[in-house]
Amino acid sequence: MDNVFIYWDNSNIFHEAQRLAEEREEGSGARYRVRINFDNMLRLAHADRHLQKALAAGSVPPEMRQLWNRIESMGVEVRLFDRGIPGRGEQEIPDRLLQLRMLEDALDYNGTPGIVVLLTGDGAGYYEGAGFHSTLERMHKRGWQVEILSWAHSCNQGMRKWAEENGLFIALDNFYEAITFMEPSRPGFELAPSRESTVLDLSQRPTKRA
């Protein structure tokens, strides 16, 4: 059985979706109106395979609390952090938590490695032997299959190339309309319509290396 382990860096995925929404000219204030469709994003990650574990790390804006509650109800462990911790970058603590959990799972499931699905484009720290890229290499050497889901424009190029050679790199751009939706503009701002997510087509999502 293909057991899937998902590690989801929501801040990286969301912030880069904001940039892409602007590039695609989704209307006035696109970066502030775009949202992630958690249901479709999660399904894109596990691709209807057996979900063994999933962890999502992000920040605590109160307006997203209902969305986080929803993803927890789908069987995902959610860990949230305050953006304003003095002396820490916004991403430092969530990134380290995800990397630590990846290494813990690699040890706990040492005899039965599965498929690690990482949602981020952050490859920082590789040359110091740290960061997501180094963690993926360590897991791959122990028999884990590796898949990276990231926006093409923002993924660390070294990490992407390694994933393409040793596992799978899946560009979220190819599923943009299904994994995002647009809220309407707020009262008092230039009119911009909402947009619902399209149906997710998993036939375009590879699950094995060619």
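The model is predicted, and local features are reported at pLDDT of at least 70, side-chain atom pairs at pLDDT 80 or more, and totals for chains, interfaces and linings over all residues. Residues are numbered from 1 along each chain as its sequence is written, and side-chain values use heavy atoms, with hydrogens and water left out.

The secondary structure of the protein chain consists of eight helices and eight strands, where helices (H or I, at least four residues) and strands (E, at least two) are DSSP runs numbered from the N terminus. Of its 210 residues, 49% count as buried; buried denotes under 20% relative accessible area, exposed over 50%, and partly exposed the range in between (1.4 Å probe, protein chains only). With contact defined as heavy atoms within 4.5 Å, 67% of the contacts between residues at least 6 apart in sequence join residues at least 24 apart.

The mean pLDDT of the protein chain is 88, and 89% of its residues reach 70 or more. Confidence is lowest in helix 4 (residues 65-73), with a mean of 80, and highest in strand 5 (residues 115-119), at 98. Over residues 86-90, pLDDT stays under 50, and the model has six contacts beyond four places in sequence for this stretch. Where pLDDT is low, the predicted coordinates should not be read in detail.

Two packed helices are described by the angle between their axes and the distance between the axes. Axes are lines fitted to C-alpha atoms, for helices over the stretch in contact, and angles run from 0 to 180 degrees between N-to-C directions. The axes of helix 5 (residues 92-108) and helix 6 (residues 131-141) come within 10 Å and cross at roughly 5°. Helix 5 and helix 6 are therefore roughly parallel to each other, on a scale in which angles under 35 degrees count as roughly parallel, over 145 as roughly antiparallel, 65 to 115 as roughly perpendicular and the rest as oblique. Helix 5 contributes Asp95, Leu98, Gln99, Met102, Leu103 and Ala106 to the contact, and helix 6 contributes Gly131, Phe132, Thr135, Leu136, Arg138 and Met139. By class, the residues of this contact comprise seven nonpolar, three polar and two charged. In this scheme Ala, Val, Leu, Ile, Met, Phe, Trp, Tyr, Cys and Pro count as nonpolar, Asp, Glu, Lys and Arg as charged, and the others, Gly among them, as polar.

Arg31 is located in helix 2 (residues 30-33) and, at 24% relative accessibility, counts as partly exposed. Its C-alpha atom is separated by 4.2 Å from that of Gln18, 13 residues apart along the chain. Not counting residues up to four places away in sequence, Arg31 touches Gln18, Arg19 and Glu22. The side chains of Arg31 and Glu22 are joined by a polar contact of 3.5 Å. A polar contact is a pair of N or O atoms within 3.5 Å; within protein, one must be able to donate a hydrogen and the other to accept it, and residues adjacent in sequence count only if both atoms are side-chain atoms.

Asn40, in helix 3, is buried, with a relative accessible area of 15%. A polar atom of its side chain lies 2.7 Å from the backbone oxygen of Ala178. Beyond its neighbours within four places in sequence, Asn40 is in contact with Ala178, Ile179, Ser197, Thr198 and Leu200. Asn40 and Val199 are 159 residues apart in sequence, with their C-alpha atoms 8.4 Å apart in space.

Thr180 belongs to strand 8 (residues 180-182) and counts as buried at 0% relative accessibility. The side chain of Thr180 reaches the backbone oxygen of Tyr176 at 2.7 Å. With neighbours within four places in sequence set aside, its contacts are Val34, Arg35, Ile36, Asn37, Trp151, Arg195 and Ser197.

Most residues other than glycine have a negative phi, and most peptide bonds are trans. Ala47, in the loop between helix 3 (38-46) and strand 3 (50-59), has a positive phi of about 50° although it is not a glycine. Asp48 lies in the loop between helix 3 and strand 3 and has a positive phi near 65°. Ala47 is buried, with a relative accessible area of 14%, whereas Asp48 is partly exposed at 49%.

Note on methods:
pLDDT = per-residue confidence, 0-100.
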